[in-house]
Amino acid sequence: MSGAINDATSPSALSDKSVKIFVAGHRGLVGSAIVRKLQALGFTNLVLRGHAELDLTRQNDVESFFAVEKPQFVILAAAKVGGIHANNTYPADFIAVNLQIQTNVIDASYRFGVKKLLFLGSSCIYPKFAPQPIPESALLTGPLEPTNEWYAIAKIAGIKMCQAYRIQYNWDAISGMPTNLYGPHDNFHPENSHVLPALMRRFHEAKVKGAKEVVVWGSGSPLREFLHVDDLADGVVFLMENYSGLEHVNVGSGKEVTIKELAELVKEVVGFEGELVWDSSKPDGTPRKLMDSSKLAGLGWTPKISLKDGLVDTYKWYLENVKQ
Ligand SMILES: NC(=O)C1=CN([C@@H]2O[C@H](COP(=O)(O)OP(=O)(O)OC[C@H]3O[C@@H](n4cnc5c(N)ncnc54)[C@H](OP(=O)(O)O)[C@@H]3O)[C@@H](O)[C@H]2O)C=CC1
Ligand SMILES: C[C@H]1O[C@H](OP(=O)(O)OP(=O)(O)OC[C@H]2O[C@@H](n3cnc4c(=O)[nH]c(N)nc43)[C@H](O)[C@@H]2O)[C@@H](O)[C@@H](O)C1=O
């Protein structure tokens with residue numbers, strides 16, 4: 001997808017370190033990594049609001065915030081997020097909360113003079129049986145994976161809203177589609193989290209208790225692509241600085257593992273010595289979702305952190321920060 005006016009690039013969008021940037025969702029996995037990255041790069045004027053201070057589902061509050069703060073740039077990393085069980089169990093929350101947050105933030109950003117906004121979607125926007133690796137052009141070419149279609153529909157609406165505002169107003173809104181993420185500040189909830197933090201916690205607790213077995217969901221055969229959140233944050237800043245196109249951009253590691261391989265790797269990093277038991281009553285979800293990230297690579301960005309190194313880093317953070 002391209003268009004002469006709407007694909008104009010703004011290569012030095014963030015060249016001034018004092019620009020005012022609103023990172024929405026700064027306490028989450030992604031938002032906290034983006035804040036770390038921006039601070040490491042020397043950005044001094046970050047606007048941050050926790051959920052309790054500013055509920056982004058409330059349109060009037062969002063508009064008042066933008067009217068007062070007038071951020072120049074917005075990175076939208078606030079969302080209702082969860083793993084396969086949470087998505088499957090709370091479909092109304094996943095579609096409604098995400099539509100509300102993104103509609104309020106994208107529209108207020110445009111109307112209150114934000115120069116550029118980056119919206120984050122997810123690899124679940126693509127059809128369940130998309131060609132692998134999945135190119136950006138696979139969007140809306142087939143039915144979605146049922147366990148997360150409500151969340152995916154909201155995310156697709158976010159991409160389309162950014163495109164619509166670019167087309168109608170020539171406004172610089174872009175979308176990045178991350179693959180499955182992990183790292184410091186992840187959600188380690190036993191049921192509602194994603195697979196990697198869920199297994200890290202379960203193996204750790206089993207090791208501490210001296211348990212002989214750990215239950216893992218599904219068949220172990222689904223393939224997933226994992227990216228460390230510090231790589232994602234680097235990619236997000238790269239996109240803010242180097243990309244202003246109409247089409248969304250995949251952000252992946254290019255490497256996939258089966259859930260069984262992931263479980264063995266997490267087990268090794270945590271140091272659990274018992275057995276894995278597979279709970280086939282739990283859903284597998286989509287069989288495979290490796291993204292084609294060649295568009296981003298063509299712009300000059302590639303990830304750096306291997307899955308093994310990322311797991312070691314995340315387990316260290318877990319031990320230091322999550323209550324035992
Ligand atoms: N984690 C992953 O594997 C992937 C994530 N993404 C995308 O990255 C983005 C960030 O996800 P991630 O960091 O993992 O999610 P987290 O759940 O870790 O963080 C989300 C953040 O949004 C905040 N938030 C939620 N609802 C509201 C609200 N109504 N008002 C204000 N703040 C709110 C949360 O605050 P609080 O906790 O206080 O509610 C939290 O700080 C999302 O758009 C997600 O779709 C994409 C692909 C994969
Ligand atoms: C990022 C992405 O995340 C979600 O999609 P998902 O990739 O299916 O996410 P998941 O991490 O929860 O599961 C991956 C696989 O792992 C298996 N699995 C094993 N044992 C556990 C386990 O203990 N917990 C979880 N959650 N999964 C487990 C699980 O059965 C599945 O086969 C979307 O809803 C959507 O939100 C989205 O965009």
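Q: What lies 2.9 Å from an oxygen atom of ligand 2?
A: A polar side-chain atom of N87 does, at 2.9 Å from an oxygen atom of ligand 2. The model is predicted, and the distance is computed from its atoms. A pair of N or O atoms within 3.5 Å is read as a polar contact, and N87 at 2.9 Å gives such a pair through its side chain.

Q: Which residues place a backbone N or O atom 2.7 Å from an oxygen atom of ligand 2?
A: Here the backbone, not the side chain, is to be read. I84 has a backbone N or O atom at 2.7 Å from a ligand 2 oxygen, and P283 has a backbone N or O atom at 2.7 Å from a ligand 2 oxygen as well.

Q: How much of ligand 2 does the protein bury?
A: The reference is the ligand taken alone. In that state ligand 2 exposes 690 Å², of which the protein buries 98%.

Q: Which residues come nearest to ligand 2, and how many are around it?
A: A shell is read by listing every residue with a heavy atom within 4 Å. For ligand 2 there are 22 residues, and S122, R202, R224, P283 and D284 come nearest. By class, the shell holds 10 nonpolar, 8 polar and 4 charged residues.

Q: Which elements each supply at least two residues of that shell around ligand 2?
A: Shell residues can be assigned to helices and strands. Helix 3 (84–89), helix 6 (195–209) and strand 7 (213–217) each supply at least two. Helix 6 gives the largest share, 3 residues.

Q: Which polar backbone atoms lie by an oxygen atom of ligand 1?
A: The reading is by residue and distance. From an oxygen atom of ligand 1, a polar backbone atom of V30 is at 2.8 Å, one of L181 at 2.9 Å and one of G28 at 3.2 Å. Ligand 1 has 900 Å² of accessible area on its own, and the protein covers 83% of that.

Q: What makes up the shell around ligand 1?
A: Of the 25 residues around ligand 1, V30, H51, L56, Y151 and K155 come nearest. The classes are 13 nonpolar, 9 polar and 3 charged. Helix 1 (29–40), helix 5 (149–169) and strand 6 (180–182) each supply at least two residues.

How values were computed:
Residues numbered from 1 in each chain as written. Chains lettered and ligands numbered in written order. Predicted model: local features only at pLDDT ≥ 70, side-chain atom pairs only at ≥ 80, totals over all residues. Heavy atoms only, no water. Polar contact = N/O pair within 3.5 Å; in protein donor to acceptor, adjacent residues only side chain to side chain. Areas by Shrake-Rupley, 256 points an atom, 1.4 Å probe, with all protein chains shown as cover. Helix = DSSP H or I, 4+ residues; strand = E, 2+ residues; numbered from the N terminus. Nonpolar A, V, L, I, M, F, W, Y, C, P; charged D, E, K, R; others polar.
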